[in-house]
Amino acid sequence: MKYSVNQKIINKVKDLLDIAKDSNQDEETQTAFLLAQKLMVKYGIKKSSIQDQQRAVEYGVLERCIKFSVLKKFLANVIAENFKVIFVRTGSLRAGSCGYFNYNFYGYSSDVELAKNIYFLAVKIIQYRTKKYLNNYYLKTGASRNRKLTAFLKRNYIYGFITGLETRLNDQTKKYDLMVKPDDEVIKRLGPTRSMADKVGCNYKSKSFKKGFTDGYNTDLSQKSVSVG
């Protein structure tokens, strides 16, 4: 029994994620973004609309949080907008509610699973790069580590990195003429959603933001190729 093409891509992403966990490096994982994006869309658009309508649609839970994170929402939206799923936040922290948020991807099952793996892959890369940036900053400047400065640098760097990654993915979408938006059928099944803009306390002119943006944009996602044949 042959796996679907999407399942093969999912397996490749999982393999790369395992490599990342074992090596604690991001070099072995960087190509997964562009690879998965290009191949998922390349094969997905060959399926008829009738087949798409028969495919299972689901919520894929990313994280359950007791505190809202603007940066995690931003990253999830960037991944969703480039991998044919919709980011949905459910739950509430209000009295009498469940007391937590669920961050979810909504879409066809295979697309949701792929997007979830890409999200966790991105989180790992950002964690590695942020730690590296902070260590280099304190080493070069000789400044004493303190929570306030570290939080400032970390927030600006991460937001800059995600912004750079978003810009690169958007540029790739235009360059390769990729269709990365969810199908109309998925949007129809989900129904109306409410989107709220969240303000990020970030200094866009800071060196940490600019460094994060440069690192996010210049992350080489196409140095290697992985066959799914």
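Residues are numbered from 1 along each chain as its sequence is written, and side-chain values use heavy atoms, with hydrogens and water left out. Because the model is predicted, local features need pLDDT of at least 70 and side-chain atom pairs count only at pLDDT 80 or more, while totals for chains, interfaces and linings use all residues.

The protein holds eight helices and three strands, which are DSSP runs numbered from the N terminus (helices H or I of at least four residues, strands E of at least two). Read from the N terminus, the order of elements is α-α-α-β-α-β-β-α-α-α-α. Of the 229 residues, 44% are buried, where buried means under 20% relative accessible area, with a 1.4 Å probe and protein chains only. Contacts are heavy atoms within 4.5 Å, and among those between residues at least 6 apart in sequence, 80% join residues at least 24 apart.

Helix H4 covers residues 70-82, and because its 13 residues at 1.5 Å a residue should span 18 Å, the 19 Å between its end C-alpha atoms agrees; the expected span is 1.5 Å times one less than the number of residues. Buried residues of H4 include Leu71, Phe74, Leu75, Ala76, Val78 and Ile79. Lys84 counts as buried because its relative accessibility is 9%.

Two packed helices are described by the angle between their axes and the distance between the axes. Axes here are lines fitted to C-alpha atoms, for helices over the stretch in contact, with angles from 0 to 180 degrees between N-to-C directions. The axes of H4 and H5 (residues 109-141) come within 10 Å and cross at roughly 130°, so the two helices are oblique to each other; angles under 35 degrees count as roughly parallel, over 145 as roughly antiparallel, 65 to 115 as roughly perpendicular, and the rest as oblique. On the H4 side, Lys72, Leu75, Ala76 and Ile79 meet residues of H5, among them Ala115, Ile118, Tyr119 and Ala122.

H5 also packs against helix H6 (residues 147-175), at an angle of about 135° and with the axes 10 Å apart, and H5 and H6 are therefore oblique to each other as well. The contact involves residues of H5 including Ile126, Arg129, Tyr133 and Tyr137, and residues of H6 including Leu149, Leu153, Tyr157 and Phe161.

Notes:
Buried < 20%, exposed > 50% of the residue type's maximum accessible area, 1.4 Å probe, protein only.
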